[in-house]
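Hello,

Here is the structure I promised to pass on. Have a look at it first, and my notes follow below.

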2 protein chains.
Amino acid sequence: MTAPAPRRSTKQREAVREALEASDEFVSAQALHQSMRAEGSTVGLATVYRALAALAEDGEADALQSAGELLYRACTKTHHHHLICRSCGRTVELEAAAVERWAGQVAAAHGFVEPDHVVDIFGLCAECAAERDARRSAG
Amino acid sequence: MTAPAPRRSTKQREAVREALEASDEFVSAQALHQSMRAEGSTVGLATVYRALAALAEDGEADALQSAGELLYRACTKTHHHHLICRSCGRTVELEAAAVERWAGQVAAAHGFVEPDHVVDIFGLCAECAAERDARRSAG
DNA sequence: GTGAAATTGACAATCGTTCTCAACAGCACC
DNA sequence: GGTGCTGTTGAGAACGATTGTCAATTTCAC
């Protein structure tokens, strides 16, 4: 086992957690840092990165990579997946017991153990789709 | 629409394609470049990046991000997913009509259109698991 | 063969992320 | 309320992957 990682609670980490929870979407560390700065915080960029990594490790945030960036979002602690609008970033949390089972079965069938999986669906949400259609028929 | 992108066939691009097809695993552009250099090619790193991006765009290679790196692998052109050993990189291509359907249904249920999805399963392949268990019980 | 245009390779530039390190702050103990 | 140990912070440098630049080269239609 690794060391139990004593984790102190600090103002900065709390601030990062709050800022993250204030957003419904996946945000980058950079963007979160900027918005915190804009609200008067003097938090450092490195601290935001560290806090987000800690939150993700503790299961209080979900992380995903998109376009070479690490994005974070405050999430429920239970295992789940995401449906993400690729235009506005709106996110819906999904439960998918069937997919979990499928992943486990497929892994086992090929002799793989300790399966972990990445299942995310990207699309255009209704609003963004409507907006785009309006623009398209207008253009 | 963007321009039809005239694509010339060059020795370098062919070399990159061959090098990629010679690997069963997902490899990074850097690693591919190194191995090509090691075999005597004088191909440039930027060229490898460009060739891989072109292959991925043409559907001749699949790309995924892992640990902040872009990894590529020569794949069949039909849509599929991957079961990847997180230790040795061994990869199994999966077809999963059920998951496709699920993704489409879930997206539609939430008003999302043009669903695209990322479904990859990571695990330990039988060999790597056995190896680790042997080491564990020995240690 | 000729010419226009895409491609190449070396290198610089960019961008996100992590590291370094001295100053600081949380927490357990007195 | 002090005191000390140790984790944490913030600024900037460092890092690594990727992309841009640009002159020289190569491809391809003619």
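Let me start with a pair of strands (DSSP runs of E, at least two residues, numbered from the N terminus, as are helices, which are runs of H or I of at least four residues). In chain A, β2 pairs with β3 (residues 69-74) in the antiparallel sense, over six bridges; strands count as paired if DSSP finds at least two bridges between them. Across this pair, A:Q65 stands opposite A:L70 of β3(A).

A word on conventions: this is a predicted model, where local features need pLDDT of at least 70 and side-chain atom pairs count only at pLDDT 80 or more, while totals for chains, interfaces and linings use all residues. Residues are numbered from 1 along each chain as its sequence is written, chains are lettered from A and ligands numbered from 1 in the order in which they are written, and side-chain values use heavy atoms, leaving out hydrogens and water.

The other part I liked is helix α4 of chain A, residues 97-109. Its buried residues (under 20% relative accessible area, with exposed over 50% and partly exposed in between, for a 1.4 Å probe and protein chains only) are A:V99, A:W102, A:A103, A:V106 and A:A107. Down the axis of α4(A) they fall within an arc of 125° (taken from the directions from the helix axis to the C-beta atoms), so they line one face of the helix. On the face turned away from that buried side are the exposed A:R101, A:Q105, A:A108 and A:A109. After α4(A) comes A:G111, with a positive phi near 80°.

Best wishes

Key:
Expected span 1.5 Å × (residues − 1).
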